[in-house]
Amino acid sequence: VISYLGRGVARAVALRRDIGLFSLPRACEQFLKEHDIPQAFAWRMKKHMEAQTVSGISAKIQQEAKLLSLLPDGLQIELHEQVRSPFLFEVTYFCDLAMICQPAIRQLCHEAIVPTTALATEICFNIGEKCRAMRFIDSGSFRYFTELPTNYQVIGHKASLSEAVLWTKWHHAGTLVAERDSIVLELKSDSFEGVVYKYANAGWQAVHYSRRFLYNLNRQTVLSDMMPDFGDEATMGTSHQDKTHFVFLSHFKEEAGTEATLLTESLSTMIAEDPAHPAYDLTVPVFIDSENLTHLGKLKAHVRRSDNLILLLTPSVLARPWCLLEIVVAVNSGVNIVPVEVQRPGAFFKFPEETYYRSLRECTAFEAHHLQILSREGVTAEDVEAAVRQVFLQIALPFSPHKSTNVRQAEVMDILRRCNRPSSQRAISRTQS
């Protein structure tokens, strides 16, 4: 009924605007009066009309779009990425995607995500309706009902709904109602596919992630548009071996951020092009902390769930508490460590001597607040010394990002060969999942 009335009002408004007789509010009032619309419907129609005025929420979106249209295309793309990517990064899949294909994230933000409005009391979708888009709450608040009207969740800024539509045919498992005027970002499934599958590495990552997502979705006893994040460590559980990374790449970002990204891309490509590789079915075979994880518990979990830790050797890496923590966790968890020396002009790594180990024991190797970070994680200076000594029982491999492509590819192949392959039992469990 509301849809019919909305079309009627739109036609009436267009006609009166064309002949220049009525303003939008007057046209709405006239239409409601002529058709004897019930009061409840009339109130909702007026709310919609208010949203179209200069001060309305729809007008806000239109004004922002007009403002951005005045900017160069490149600046528009960057702004959309800055504004919209934080919503995506609330979901593990998009964090994983950013690690291997940032251009896909940028294109999703600019082309595939569309802002829409939801006015107070408006029903965004009903239980059983076919779902066509994943939603992210930009502003405002909503009530999500499952079965009984009294059983609902209140959700707001940055909440997401209906991720399942990206991976399967999905019908809404509940009803979403706006508590107040709100803005929602919609990512339609067909737009998502059109972007992601343009990139080879993003495409295979989506396939592997969808397998894991559906594996977990099919094991839920109660379905909801607000399912737990199946990609998150906390919801996967320790028994799901398909969450394991083949490589965790440990590095000091200020000294080796570019080299770490280049090595990650090269290793990921080699694994993706080899279906026989045991890491081929992993969603993120090479993990790099590109999102600057500040939750050390999650950082340690990523290390433990990796088969190998590649340590990029740069001048100050052994003075960084986070890198030292990763080394200690890897040694204590039986993770194979592969030291790789970054060879480039001006970046000379000095291999540790007894003076360095003595400075560790005397707690002078790093700053006081760095020592506190390690202490809070239960790591002592003795633990660090033992772990670092363990790392350098083997010869470091070179990685020369500034040399020719052929040389660099040969070095990456050597690094990949040095990595331990997962045990047969772990490989089997991943394949079965």
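**Close-up views of a predicted model**

**View 1. Gln82 lies in helix H5, which spans residues 73-88.** In this predicted model, Gln82 is exposed, with a relative accessible area of 60%. Gln82 and Arg106 are separated by 24 residues in sequence, and their C-alpha atoms are 9.0 Å apart in space.

**View 2. A salt bridge joins the side chains of Glu186 and Arg135.** The N to O distance is 3.5 Å. The pair connects distant parts of the chain, with Glu186 in strand E8 (residues 182-188) and Arg135 in strand E3, 51 residues apart. Glu186 is buried at 15% relative accessible area, and Arg135 is buried at 12%.

View 3. Glu385 is buried, with a relative accessible area of 11%, whereas Arg389 is partly exposed, at 30%. Both belong to a network of salt bridges that also links Glu354 and Arg361.

View 4. Arg417 is exposed at 56% relative accessibility, while Asp414 is partly exposed at 36%.

**View 5. Lys130, Arg132, Lys169 and Lys188 gather in a surface patch of positive charge.** Arg132 is located in the loop between strand E2 (123-125) and strand E3 (133-139). Arg132 counts as exposed, at 55% relative accessibility.

Conventions. Residues are numbered from 1 along each chain as its sequence is written. This is a predicted model: local features need pLDDT of at least 70, side-chain atom pairs count only at pLDDT 80 or more; totals for chains, interfaces and linings use all residues. Side-chain values use heavy atoms; hydrogens and water are left out. Patches are made of residues with over 30% relative accessible area and no salt bridge: like charges are joined within 9 Å, nonpolar side chains (Val, Leu, Ile, Met, Phe, Trp, Tyr) within 5 Å. Accessible areas come from the Shrake-Rupley method with a 1.4 Å probe; for residues, only the protein chains shown count as cover. A salt bridge is a side-chain nitrogen of Lys or Arg within 4 Å of a carboxyl oxygen of Asp or Glu. Lys and Arg count as positive and Asp and Glu as negative; His and the chain ends are not counted. The place of a charge is taken as NZ of Lys, CZ of Arg, CG of Asp or CD of Glu. Helices (H or I, at least four residues) and strands (E, at least two) are DSSP runs, numbered from the N terminus. Buried means under 20% relative accessible area, exposed over 50%, partly exposed in between (1.4 Å probe, protein chains only).
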